[in-house]
Amino acid sequence: MLIWVVFPAAQAVLCAYLVLRLAPRQPEGLRLAVTAAIVLPFLAFNFPWVLWGLQYAGMGPWRFARQSWALPFLAWQFLSVIYLFGVGGKVAARAVGALVRRFGRGAEPLAGGPAAAARLAAPPLSRREFVRRSLWVGGYAATGAALITVSVGEARGMPRLREVELLFKDLPEPFDGYRILQVTDIHAGINMGEDQMVAVADLVARIEVDLVAVTGDLIDWNPRDVDPYARAFSRVRAPDGVVCVLGNHDYYTGVADVIEGIRRAGHTLLRNEHFVIRRGGACIVVAGIDDPRRYGIRFTERDPQRMDVRAALRGVPA
């Protein structure tokens, strides 16, 4: 969780810098107004952290949220961090360059000398110069926009099919060549509409396999996307069935709604459970566990994933 502190920390640093830079230059009567004009947008763009905090406490406000509403907030967080790190990197590079030049030509000591006096006598950074340097952010914004464009295009495209052969020394001979198709992270929602899900489901349906495994994050955020998912993927069938497990986003959406959607699609949900597939006198076990980071359940000293695996395999054939 500590990695998420980077985002509000970057916001706090930028906000404090702008306040300290701009507010003291204003007449006394305007300082409070300028400070508020800087601080309030930062607070507004960081308010979703409160919602995520409530969600972490198990109150689940994302159940009522819209991903399209969250996108400006996410973009603001990432771009601010990129900008802060970029400016910090530029400052660090200049400092290193100055040291290299200083030692390279054997100039005066770091403290004192004409160069140091000139730096101390130099006027503070002007507002125009501050704005000019801040236009850097255009480069970072362009980089962020390019990355977002590529990512959205990748997410909205058709999935790539990759075939992997797995070898097991103890695999029963009747299951030699057994084919499992894994479909993961559909994220039905604003970036995966019903028409796209139908295209993915048709692709899956055309592939001849024995079992289909849908491994979590069926829905992105909103329970209203459960019905389109169920309609689209109800066409997916396999001789040994279609099995599903829940991902963290399915918990954000609402477990009861997602389970109902899986049932309407005619698929099997495995929540720390298993079933046995038999061919002649041989069998294999298909087991599925719940998302170990499912919302509202805290991590303890005991790894919940291990407990889930033991529960899923309880009673399996020898």
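**Figure 1. Surroundings of Val 214 in the predicted model.** Leaving aside neighbours within four places in sequence, Val 214 is in contact with Val 183, Tyr 229, Val 242, Val 243, Cys 244 and Val 245. The model shown here and in the following views is predicted. One of these contacts is also a strand pairing: Val 183 has Val 214 in S2 as its bridge partner. Strand S2 itself is mostly covered, with four of its five residues buried.

**Figure 2. The largest nonpolar core and a second, separate one.** The largest nonpolar core comprises 29 residues, and those with the most contacts inside it are Ile 186, Met 197, Val 212, Val 214, Tyr 229 and Phe 233. Two or more residues are contributed to this core by each of S1, helix H8 (194–206), S2, helix H9 (226–233), strand S3 (242–245) and helix H11 (255–265). In soluble globular proteins, nonpolar side chains tend to be buried together.

**Figure 3. The parallel sheet.** Four strands make up an open sheet with parallel pairing, in the order S1-S2-S3-S4. Its edges are strand S1 (180–183) and strand S4 (268–269), each of which pairs on one side only. Strand S1 is joined to strand S2 (residues 211–215) in the parallel sense over four bridges. Within this pair, Leu 181 stands opposite Val 212 in S2. Strands of a sheet pair through backbone hydrogen bonds, either parallel or antiparallel.

**Figure 4. The hairpin of S5 and S6.** Strand S5 (residues 273–279) pairs with strand S6 (residues 282–288) in the antiparallel sense, over seven bridges. The bridge partner of Val 276 is Val 285 in S6. Two residues lie between the strands of this hairpin, where Gly 280 takes a positive phi near 65°.

**Figure 5. A nonpolar patch on the surface.** Val 164, Leu 166, Phe 168 and Leu 171 form this patch, and their accessible area together is about 400 Å². Phe 168 is located in the loop between helix H7 (136–156) and S1. Because its relative accessible area is 51%, Phe 168 counts as exposed.

**Figure 6. Gln 196 and its contacts.** Gln 196 is found in helix H8. The relative accessibility of Gln 196 is 15%, so this residue counts as buried. Apart from neighbours within four places in sequence, Gln 196 is in contact with Arg 156 and Asn 191.

**Figure 7. The protein as a setting for the close-up views.** The protein contains 12 helices and six strands. Of its 318 residues, 32% count as buried. Among contacts in the protein with a separation of 6 or more, 74% are between residues 24 or more positions apart. The accessible surface of the protein comes to about 20100 Å², and carbon and sulfur atoms account for 63% of that surface.

Terms used. Residues are numbered from 1 along each chain as its sequence is written. This is a predicted model: local features need pLDDT of at least 70, side-chain atom pairs count only at pLDDT 80 or more; totals for chains, interfaces and linings use all residues. Side-chain values use heavy atoms; hydrogens and water are left out. Buried means under 20% relative accessible area, exposed over 50%, partly exposed in between (1.4 Å probe, protein chains only). Contact means heavy atoms within 4.5 Å. Accessible areas come from the Shrake-Rupley method with a 1.4 Å probe; for residues, only the protein chains shown count as cover. Two strands pair if DSSP finds at least two bridges between them. Patches are made of residues with over 30% relative accessible area and no salt bridge: like charges are joined within 9 Å, nonpolar side chains (Val, Leu, Ile, Met, Phe, Trp, Tyr) within 5 Å. A salt bridge is a side-chain nitrogen of Lys or Arg within 4 Å of a carboxyl oxygen of Asp or Glu. A nonpolar core is a set of buried Ala, Val, Leu, Ile, Met, Phe, Trp, Tyr and Cys residues joined through side-chain atoms within 4.5 Å.
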